[in-house]
Amino acid sequence: MITSSSNQQIKQIRKLRDRKERQESGLFYIEGLRIVTEAVQQRAQIEALLYAPELLTSSVGQDVVSLQASRGTNLLEVSAGVFQALALKDHPQGLAAVVRQKWLPLGDVRPAAGDLWVALDAVADPGNLGTILRTADGVGARGVILLDQCTDAHDPTAVRASMGAIFTQNLVRASFAEFRAWKPGSGCALVGTSDRAEVDYHAYNYPDPMILFMGSERQGLQEHHLQLCDSVVSIPMVGRSDSLNLAVAASVTLYEIYNHRRDQHDRGY
């Protein structure tokens, strides 16, 4: 059992709180029964599983430890004090993991009939990104394409907000220039959102396959983004507020697309 927070492995894991370390190592840290169990069920590449017997009272969590032991995963048994020193929240459950990031190259994205993707430009808030991942999973989307200076999808806040969708959604990183060059050959329609668009998002006939394109919290999609879009829709606002939170707007639109497709299916189209 590791009983010192000065242990080299523990110090290395603690460094994963920093984005630079996550980027350089290709690893990230997750904590809690639900998220670790989801990682195991989705067969994520777990580099190390940490558990504190004093804190891990859940039989589900104990079964996860046994399963990963049988798979030959590197197990790190730590004291309650060491685990609490690593913990991201109060009252930790005694189960955590170091996981290898998984990225899909943009060139490997080949949208097929029925596919729905999300592209995001310069999203700054990791909570928004995690929530969008969660909603994308909820509507059966294939993945999320992160363009230019997006926040880190493996930031602890994004991972927590994704509620496990970080392991079910394909993640892609690309510059806008790369995305622009890829799009014509993708066979996929790009539908953007803008408060300046004349087409109501509820009245639009969403194409298949398609990518929903949304911009940053502060600026939304810029003119060069909109020029790449095949269509642009807007969400009507009738109150005093002139905009929605990005994650909310994405969720509203994604479920509109989902319901549009479900209605078409029910009609036999």
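**Entry 1: a cis peptide bond and a positive phi**

I began with Pro-209, which lies in the loop between strand S9 (199–200) and strand S10 (210–214). The peptide bond that leads from Asp-208 to Pro-209 is cis, and its omega is near -5°. I note here that I am reading a predicted model. I then looked up His-91, which is found in the loop between helix H5 (80–86) and S4, and I found its phi to be near 55°, a positive value in a residue other than glycine.

**Entry 2: the largest pocket**

Which residues lie nearest the centre of the largest pocket? They are Ser-194, Asp-195, Gly-220, Ser-243 and Leu-244, out of the 23 residues that line this pocket. When I asked which elements give two or more residues to the lining of the largest pocket, I found strand S11 (231–234) and H10. By class, I noted 9 nonpolar, 9 polar and 5 charged residues in the lining of the largest pocket.

For the second largest pocket I wrote down a volume of about 340 Å³. Its lining is made up of 18 residues, and the closest to the centre are Ala-44, Lys-102, Ile-166, Phe-167 and Gln-169. Strand S4 (95–100) and strand S7 (170–174) are the elements that give two or more residues to the lining of the second largest pocket. I sorted this lining by class as well, and it holds 8 nonpolar, 7 polar and 3 charged residues.

**Entry 3: the cavity**

How many cavities of 30 Å³ or more does the structure hold? I found 1 cavity of 30 Å³ or more, and the volume of the largest cavity is about 60 Å³. Ten names went into my notes for the lining of the largest cavity, namely Ile-13, Arg-14, Leu-16, Arg-17, Arg-22, Tyr-29, Leu-86, Leu-88, His-154 and Pro-156. This lining divides into 6 nonpolar, 1 polar and 3 charged residues.

**Entry 4: a salt bridge of Arg-22**

Arg-22, one of the residues that line the largest cavity, also meets Asp-152 in a salt bridge between side chains, at 2.6 Å from N to O. Because Asp-152 lies in the loop between strand S6 (143–147) and helix H7 (156–162) while Arg-22 lies in helix H2 (residues 19–25), the pair ties together parts that are 130 residues apart in sequence. The count of salt bridges comes to 6.

**Entry 5: two helices**

Last, I looked at helix H6 (residues 126–138) and helix H10 (residues 246–266), which pack at an angle of about 10° with their axes 9 Å apart. That angle makes H6 roughly parallel to H10, because angles under 35 degrees count as roughly parallel. On the H6 side I listed Asn-128, Thr-131, Ile-132, Thr-135, Ala-136 and Gly-138, which meet Leu-246, Ala-247, Ala-250, Ser-251, Leu-254 and Tyr-255 in H10. I sorted the residues of this contact into 7 nonpolar, 5 polar and no charged.

Technical notes: Residues are numbered from 1 along each chain as its sequence is written. This is a predicted model: local features need pLDDT of at least 70, side-chain atom pairs count only at pLDDT 80 or more; totals for chains, interfaces and linings use all residues. Side-chain values use heavy atoms; hydrogens and water are left out. Axes are lines fitted to C-alpha atoms, for helices over the stretch in contact, and angles run from 0 to 180 degrees between N-to-C directions. Helices (H or I, at least four residues) and strands (E, at least two) are DSSP runs, numbered from the N terminus. Angles under 35 degrees count as roughly parallel, over 145 as roughly antiparallel, 65 to 115 as roughly perpendicular and the rest as oblique. Contact means heavy atoms within 4.5 Å. Ala, Val, Leu, Ile, Met, Phe, Trp, Tyr, Cys and Pro count as nonpolar, Asp, Glu, Lys and Arg as charged, and the others, Gly among them, as polar. On a 1 Å grid over the protein atoms alone, a cavity is a set of points where a 1.4 Å probe fits but cannot get out, and a pocket is an open set with protein on both sides within 12 Å along at least five of seven lines; lining residues have an atom within 4 Å of a point. Grid points are joined across faces, edges and corners, and a volume is the space filled by probe spheres set on the points. A salt bridge is a side-chain nitrogen of Lys or Arg within 4 Å of a carboxyl oxygen of Asp or Glu.
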